[in-house]
Every structure is written in C-alpha cells, then in structure tokens.
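Dear colleague,

I am handing over the structure below, and after it you will find an account of what was found in it. Please read the two side by side.

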Amino acid sequence: MGTIQPRLEGQASDETTLVHAAKAGDISAFEELVRRYDRNVFRIAQHITQNREDAEDVVQDAFLKAYQNLANFQEQSKFYTWLVRIAVNEALMRLRRRRPERMVSLDEDIKTEEDSMPREVADWAPNPEQLYGQGELKEILGKTIQGLPPSFRTVFVLRDVEGLSTEETADALDLSIPAVKSRLLRARLQLRERLSKYFKNRAGGDGKK
Amino acid sequence: MTCSEFLKELTDYLDDTMDAQTKAELEDHLQWCHNCYVICNTTKMTIEIYRDSDIYELPDDLRSRLRSAILTKCKGHEHKDQP
C-alpha cells in the first residue's frame with residue numbers, strides 16, 4: 001500500500017531574499033510574501049475558527065503582525081512556519097472570544113485513546129469523492145472536520161492539508177513531536193470513522209469489526 | 001503484531017517515516033488482517049480527499065480586497081524595533 005507524500009509548494013529558494021528585502025522596508029517584497037501565503041493562511045484560519053468573517057480578520061491581522069515584527073523574526077524557521085504560528089494564535093484568540101464558555105487550547109487532550117478506536121471497518125467505494133457533487137462533497141468534508149476538537153483539526157490541517165512536516169507543525173503550534181503525532185493519528189482516525197458513513201461501499205461492505 | 005500495535009504505527013506508516021524492519025512487519029500484518037487493511041486504506045483516502053478538495057478556497061475578489069487592506073495597514077505601520 002502506498003504512502004502519503006507531502007504537498008510541497010517548492011517556493012523556499014528565494015524566500016530568504018524576499019524576507020530580507022521586506023525587513024529593509026521593501027513593501028513590494030512583503031506583498032509577494034502575502035501573495036504566496038494568503039490562501040494558506042485563510043484556509044488555516046477558516047478551519048480553526050469555522051467562521052468566514054473571523055478568517056478574513058485573521059488573514060489581515062496575521063500579515064500585519066508579521067510585518068510589524070519582521071525585525072524579530074530570527075530566521076531559525078521558515079518564514080511560512082513563523083507566519084502560521086502567528087495565524088494560529090490569532091485564530092485561536094478569535095475562537096475563544098466566540099466561545100467563551102469553552103476553554104479552547106491546543107494543549108487539550110480530549111478523552112482517551114478509546115475515542116479514536118475504529119468501529120466502522122467497511123471498505124469505501126473506489127472513488128468516494130465521485131459519489132457526491134462538488135458542493136455536497138465540500139459540505140460533507142466541512143461538516144465532518146468541524147466536529148473535531150480544535151486541537152485535533154489544527155494539527156490535521158497543518159500536517160495533512162497544508163503539508164507542513166511534523167517538526168514544522170510542532171514548531172508552529174509549540175507542541176512536542178509526540179503530541180503532534182498523537183493528535184494527528186486521532187484526528188485522521190476520527191475523520192475516517194465519520195466519513196465512512198458517507199463513503200462506504202454499499203455494494204460490498206462487510207459490516208462491523 | 002496485533003491490530004492495536006498496527007494502529008499505533010499507522011501515522012508513521014502512511015507518512016513513510018519508519019525503519020525498514022517495522023515497515024516490513026506492518027506490511028506483513030496487512031497481508032492477512034483485512035480490518036487493518038481497510039482502516040489503513042480508508043485513512044489514506046481520508047487524507048487525500050481533504051488534501052485534494054479545497055473546501056475553503058479564497059475567492060479572487062475577496063483575495064484582492066484582503067491584500068489591499070493588508071498593504072494599506074502595513075504602509076501605515078513601521079516595523080517594530082528589535083528588543
């Protein structure tokens with residue numbers, strides 16, 4: 001069985017030059033960095049906040065904060081990882097504001113391993129995404145990931161949607177590598193479990209474990 | 001290898017970040033355990049579906065509006081000096 005290959009943007013080569021120019025006050029260099037990463041930051045913000053208006057604010061505030069603090073960026077990580085860290089913090093802050101009744105933290109480690117134990121083991125249709133129209137599919141995927149605790153969906157989005165490495169994700173979220181791995185496994189298994197009811201092969205499913 | 005042991009290694013297996021011996025043990029388990037095969041396959045599909053479906057795309061008009069707002073704000077602010 002094949003493994004998952006990370007989605008690489010391949011844009012690192014001249015990033016350092018752009019960052020140095022932006023640090024020296026070249027606004028067009030910073031504009032290029034915005035152009036490169038605004039889609040990613042919006043996606044991350046929308047996944048965490050689950051609110052379009054908040055995601056728009058996060059994009060603006062994260063880039064502004066990055067610009068203002070460029071002098072403090074020590075370049076020990078990639079600019080993108082540093083930017084993601086700022087964006088995640090902004091997004092979590094907005095989520096906490098909207099849900100003051102609930103503690104929202106990346107440190108939360110909800111329930112036990114039991115919540116991720118697979119129950120549904122029916123195989124899926126060969127091309128499950130073709131079972132639904134594009135709009136319906138997006139709705140299913142959005143609704144499903146929304147059901148995950150913020151700490152799980154943030155790790156899943158950074159690792160599996162945005163293609164950050166485990167180390168970069170740990171760095172961006174200020175988590176240990178084992179914590180990232182544990183949350184990622186549980187996020188993947190919980191999403192798989194929830195998607196199974198939409199995608200299972202109705203012709204040949206063989207029931208429960 | 002038991003199914004629980006397999007499950008614990010699933011993330012490293014899918015990300016191909018494990019030593020050759022553990023990988024061989026996992027693949028041996030997959031040969032005979034149908035449930036783990038299905039779980040592994042459908043977890044892989046889960047990741048691919050999310051990666052390939054841009055559920056939160058940024059429309060062009062919103063993108064240019066945001067970009068222009070960011071640049072206007074940046075122009076109005078200086079970099080903060082290093083402490």
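The C-alpha atoms of Leu7(B) and Cys40(B), which are 33 residues apart along the chain, are separated by 8.5 Å.

Please keep in mind that this is a predicted model, in which local features need pLDDT of at least 70 and side-chain atom pairs count only at pLDDT 80 or more, while totals for chains, interfaces and linings use all residues. Residues are numbered from 1 along each chain as its sequence is written, and chains are lettered from A and ligands numbered from 1 in the order in which they are written.

Asn41(B) belongs to helix α3 of chain B, and it is classed as partly exposed because 16 other C-beta atoms lie within 10 Å. Its C-alpha atom is separated by 9.5 Å from that of Leu14(B), a residue 27 places away along the chain.

Taken as a whole, chain B has four helices and zero strands, and of its 83 residues 27% count as buried. Its radius of gyration, taken over C-alpha atoms, is 23 Å, whereas a compact globule of 83 residues would have one near 12 Å, by a rule of 2.2 Å times the number of residues to the power 0.38. The C-alpha trace of chain B spans about 65 × 40 × 20 Å along its principal axes.

Chain B touches chain A through 39 residues of its own and 47 residues of chain A, two residues being in contact if their C-beta atoms, placed from the backbone, lie within 7 Å. On the side of chain B, the elements that give two or more residues are α1 (3–14), α3 (34–52) and α4 (60–75), and the largest share, 14 residues, comes from α3(B). By class, this side of chain B has 19 nonpolar, 10 polar and 10 charged residues, where Ala, Val, Leu, Ile, Met, Phe, Trp, Tyr, Cys and Pro count as nonpolar, Asp, Glu, Lys and Arg as charged, and the others, Gly among them, as polar.

Chain A has eight helices and zero strands, and 44% of its 209 residues count as buried. Its domain assignment, whose bounds come from an automatic or database source, gives domain 1 (15–98) and domain 2 (113–199). The C-alpha centres of these two domains of chain A lie 24 Å apart, and 12 residues of domain 1 are in contact with 14 residues of domain 2. On the domain 1 side, α2 (27–49) and α4 (79–98) of chain A each supply at least two residues.

Helix α2(A) has a kink of about 50 degrees centred on Tyr37(A), the bend at a residue being the angle between axes fitted to the seven residues ending there and the seven starting there. After α2(A) comes Gln50(A), whose phi is positive, near 60 degrees.

With best regards

Conventions. A residue is buried if 20 or more other C-beta atoms lie within 10 Å of its own, exposed if 12 or fewer, and partly exposed in between; C-beta atoms are placed from the backbone.
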